[in-house]
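Hi everyone, thanks for making time this morning. Let me put the structure up, and then I'll walk you through how its parts meet.

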There are 2 protein chains.
Amino acid sequence: MEHDLSHSISLLARTPASLDALLRGLPDEWVLRNEGDRTWSAFDVIGHLIHGERTDWMPRARMILKHGEAQAFVPFDRFAQARESQGKSLAQLLDEFARLRSENLAELRAMNLRPEDFARRGRHPALGTVTMSQLLAAWVVHDLTHLHQISRILSHQYREAVGPWSKFLGVLQCAGHSAP
Amino acid sequence: MEHDLSHSISLLARTPASLDALLRGLPDEWVLRNEGDRTWSAFDVIGHLIHGERTDWMPRARMILKHGEAQAFVPFDRFAQARESQGKSLAQLLDEFARLRSENLAELRAMNLRPEDFARRGRHPALGTVTMSQLLAAWVVHDLTHLHQISRILSHQYREAVGPWSKFLGVLQCAGHSAP
């Protein structure tokens with residue numbers, strides 16, 4: 001399926017409510033535990049999504065329109081949430097993510113991108129030349145990557161509890177697929 | 001983490017709303033496409049979850065209480081949804097899943113399971129002896145397996161659209177982890 005702005009927005013607009021329905025009010029045993037040494041909890045992931053709303057997706061879309069390939073994107077800080085989420089509750093993070101996402105989608109709609117804008121190019125610090133449509137599609141799949149991850153983190157807490165069922169439960173076979 | 005009834009219920013109660021927020025009203029391009037030959041779409045997965053509510057989890061819990069290991073569970077029909085979802089809309093399926101889940105959790109609470117009940121045994125047609133607590137934990141992780149799968153099915157539709165970003169997006173590396 002080719003990138004389509006309205007399809008992308010339809011998914012991007014739903015992620016905050018889906019994560020909210022899944023996580024808000026869940027016991028801390030689900031929300032704060034991770035998959036072991038140096039891995040993330042569901043709480044950490046929401047902080048990471050917030051950081052992306054602030055510093056990654058829309059700032060990069062603006063940069064493509066303004067500078068094209070002349071200026072590389074600022075590298076994404078994948079550990080910022082440890083600092084930025086400190087002292088906050090999960091409920092606060094979920095609210096913040098929903099608010100930022102909604103503001104970003106309003107700005108994206110207001111950009112009024114024309115068909116030719118989707119082919120405009122920018123420069124990723126590691127990946128090289130990328131296009132506006134690739135950036136927007138990656139924003140969607142980034143949400144889904146973290147939904148995929150959260151379902152795995154939560155499952156991990158019941159890895160032993162399911163007993164012999166573990167071999168029938170696909171998510172327990174997933175060892176994660178982190179970026180190289 | 002050991003199985004805990006209130007922890008299990010807290011997650012089981014949230015799955016329908018989380019999937020509803022993610023999928024209801026999404027364009028058919030997201031909802032009806034699968035990952036290729038003989039794989040499932042998000043629509044198919046919701047039908048499968050409905051079939052589980054009807055025939056799998058609570059009927060098996062009842063059977064453990066009533067028959068113990070004397071009688072094996074009825075095997076789960078993993079393809080029933082093709083028949084049962086026919087002619088229904090995604091909105092109808094989401095409503096049906098939410099209603100059945102809510103009824104099942106009401107029944108589970110009303111069972112008033114005591115600590116000793118969680119060790120009670122049943123007989124799975126393929127896995128052999130299993131306990132009540134393993135059954136309830138597997139119900140939770142089964143939900144999460146399908147959330148994990150849906151995030152992957154949706155991502156698959158943008159596999160080409162993300163261009164060079166694909167190597168940073170974990171969900172696109174996931175080849176699935178189906179039961180043997």
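**Where the two chains meet**

Let me start with a zero: there are 0 salt bridges between chain A and chain B. Do bear in mind as I go that this is a predicted model.

So what does turn up between the chains? Polar contacts do: 21 residue pairs are in polar contact between chain A and chain B, counting pairs with both residues at pLDDT 80 or more.

Next, which parts of chain A touch chain B? Helices α1 (5–12), α2 (15–23), α3 (28–31) and α8 (132–156), together with strand β2 (128–131), each supply at least two residues to that side of chain A. Of these, α8(A) gives the most, with 16 residues. If you sort that side of chain A by class, you get 32 nonpolar, 20 polar and 9 charged residues.

Now for the overall extent. Contacts link 61 residues of chain A with 61 residues of chain B. As you know, the size of an interface is often given as the accessible area lost when the parts come together. Here chain A and chain B bury about 5600 Å² between them, and 73% of that lies on carbon and sulfur atoms. Within chain A, the residues that lose the most area to chain B are A:Met1, A:Tyr158 and A:Trp165, together 16% of what that side buries.

How are the chains arranged? Chain A superposes on chain B by a rotation of 180° with 0.0 Å of shift along the axis, at an RMSD of 0.0 Å. The two copies are therefore related as by a two-fold rotation axis. Both copies use the same surface, too: 100% of the contact residues of chain A recur in chain B.

Before I stop, one local detail in chain B. Strands β1 (residues 121–124) and β2 (residues 128–131) of chain B pair in the antiparallel sense over 4 bridges. They form a hairpin, with 3 residues between β1(B) and β2(B). One bridge to point out joins B:Arg123 to its partner B:Thr129 in β2(B).

Thanks, everyone!

Notes:
Residues numbered from 1 in each chain as written. Chains lettered and ligands numbered in written order. Predicted model: local features only at pLDDT ≥ 70, side-chain atom pairs only at ≥ 80, totals over all residues. Heavy atoms only, no water. Pairing = 2+ DSSP bridges. Contact = heavy atoms within 4.5 Å. Buried area = accessible area lost by both parts, 1.4 Å probe. Salt bridge = Lys/Arg side-chain N within 4 Å of Asp/Glu carboxyl O. Polar contact = N/O pair within 3.5 Å; in protein donor to acceptor, adjacent residues only side chain to side chain. Nonpolar A, V, L, I, M, F, W, Y, C, P; charged D, E, K, R; others polar. Least-squares fit on C-alpha atoms with pLDDT ≥ 70 in both.
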